[in-house]
Amino acid sequence: MASVLNVKESKDFERMIVVAGLPVGHNDPSLTKLVKSHFQDVKNEGGVVEDVIYPTRTKGVAYVIFKEKKVAENVIRKRKHSLAAKVGPIQLTVSHFSEKVFSSVNATLDLSVFLGQVVLESLVRDLKRKIPSLCFSPLEQNGRISVQGSFLAMKKLKESLLLKASSLLEKDSEGEKWNRQSPRRSLQSGGNSLESLGSSVPEAARCGETLILDTDVFFYLKKKKIDYEKVLKRFNVLCQESVDGEITTICIKNAHNGLPPNNEKLVKEFIEKYSHALHFELRKETFVLEGKEKREKRNIKLTCEHLNSRYLQVLINFYETHIDIIGPSSDIYSFKEEVMKLIRQTVR
């Protein structure tokens, strides 16, 4: 069975399409079969389907991987696709795979930390030129500006600002404490927003390599996918992690002076390779505890703990107000169904 990782390695994303508009809350396995059947039908310009990745981290969205690039192009060219389901015909939106399929993220930047160092209007123009996929609101007099775009685009934005701040620090020959108002506060928390710039700029400047990841993906990578500590020890590097809401910044540096800087780059590339694939393959579901009675909260927690040993590919993160479960789509679907079933039995 094909996976996103295999597609990435073969550099053949052209065979993958994004299917949006699928109903949320229906039986995932049966819907997956329905989607595969639809795109294998020659009446829909379809062909051999290698894999259907559903459910995904984005609700109502599936990824379909064809055996041939030509079939993917024919399917997209048809444009109108109607999926016959028990709930009635479903109009699908089909498009090429690109980084734009990531969930949209909103953030408010406070660029006032750069006042006295650069002209803010010039800085914004430079950011627009470097990352054209981002949407910027007009710059306010106090230095605030709203930004909207994909996770990857926001990641590039954060890296650009860190590099800009680092270069300004290096030019500060008088050693003034330029970052009296820490750039960690540059991204203000919003509804579905990036919470902060992550590591403080001086830390980032001292790192050999800086890596920015989705927090859920990083936790899963570290705890479930690879022997994280073993990898660091193998390459003789140290990693400083800064978790800020949806974003985790990792500073990678050689453990000892004199080691080749290539080690830092190799570790960065290694982590990037796996995290990129996981970003598509993982799904997160949440059990909300806030507002529930103590007995109900306890039942949910105990049920998750009870199933933990049976679902080795599922990462469970316990919080005071909720429980996040992260893992492959099929495992998450089964885990959630079983939790709900056991909870209903307990209530009876």
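The legends below describe close-up views of a predicted model.

Local features are given only where pLDDT is at least 70 and side-chain atom pairs only at pLDDT 80 or more, whereas totals for chains, interfaces and linings use all residues. Residues are numbered from 1 along each chain as its sequence is written, and side-chain values use heavy atoms, with hydrogens and water left out.

**View 1. An open sheet of 5 strands has the order 2-3-1-5-4.**
Strands, like helices, are DSSP runs numbered from the N terminus (strands E, at least two residues; helices H or I, at least four). Two strands are taken as paired if DSSP finds at least two bridges between them. Pairing in this sheet is antiparallel. Strand 2 and strand 4 (81–83) form the edges, each pairing on one side only. From one strand to the next the twist averages 30 degrees; axes are lines fitted to C-alpha atoms, for helices over the stretch in contact, and angles run from 0 to 180 degrees between N-to-C directions. Strand 1 and strand 3 (residues 61–66) run antiparallel and are joined by 5 bridges. Valine 18 has tyrosine 63 of strand 3 opposite. Helix 3 (residues 69–78) lies across strand 1, strand 3, strand 4 and strand 5 (90–96), at about 130 degrees to strand 5. Contact here means heavy atoms within 4.5 Å.

**View 2. Arginine 15 forms a salt bridge with glutamate 50.**
A salt bridge is counted when a side-chain nitrogen of Lys or Arg is within 4 Å of a carboxyl oxygen of Asp or Glu. By this rule the count comes to 10 salt bridges. In the pair shown, the closest N and O atoms are 3.1 Å apart. Arginine 15 is in the loop between helix 1 (4–9) and strand 1 (16–20), and glutamate 50 is in strand 2 (residues 49–53), so the pair ties together parts 35 residues apart in sequence. Burial is judged by relative accessible area (buried under 20%, exposed over 50%, partly exposed in between; 1.4 Å probe, protein chains only). Arginine 15 counts as buried because its relative accessibility is 10%. Glutamate 50, at 33%, counts as partly exposed.

Arginine 129 is exposed, with a relative accessible area of 59%, while aspartate 126 is partly exposed at 22%. Asp126, Arg129 and Lys130 are linked in a network of salt bridges. The buried residues of helix 4 are Leu120, Leu123, Val124 and Leu127. Seen down the helix axis, these buried residues fall within an arc of 95 degrees, so they line one face of helix 4. The arc is that of the directions from the helix axis to the C-beta atoms. Arg125 and Arg129 are exposed on the face turned away from the buried side of helix 4.

**View 3. An open sheet of 3 strands has the order 13-15-14.**
The strands pair in the antiparallel sense. Strand 13 (282–288) and strand 14 (315–318) are the edge strands, each pairing on one side only. The twist averages 15 degrees from one strand to the next. Strand 13 and strand 15 (residues 322–328) are paired over 7 bridges. Helix 7 (residues 215–225) lies across strand 13, strand 14 and strand 15, at about 120 degrees to strand 14. Helix 9 (residues 262–281) lies across strand 13 and strand 15, at about 55 degrees to strand 13.

**View 4. Glutamate 285 meets arginine 283 in a salt bridge.**
The bridge is 2.5 Å from N to O. Glutamate 285 also stands opposite isoleucine 325 in strand 15. Glutamate 285 is buried, with a relative accessible area of 7%. Arginine 283 is buried as well, at 13%.

**View 5. Helix 10 (residues 294–308) has 15 residues.**
From its first C-alpha to its last, helix 10 reaches 21 Å, close to the 21 Å expected at 1.5 Å a residue. The expected span is 1.5 Å times one less than the number of residues. Asn299, Ile300, Thr303, Cys304 and Leu307 are the buried residues of helix 10. Down the helix axis they fall within an arc of 125 degrees, so they line one face of helix 10. Lys294, Arg295, Arg298 and His306 are exposed on the other side.
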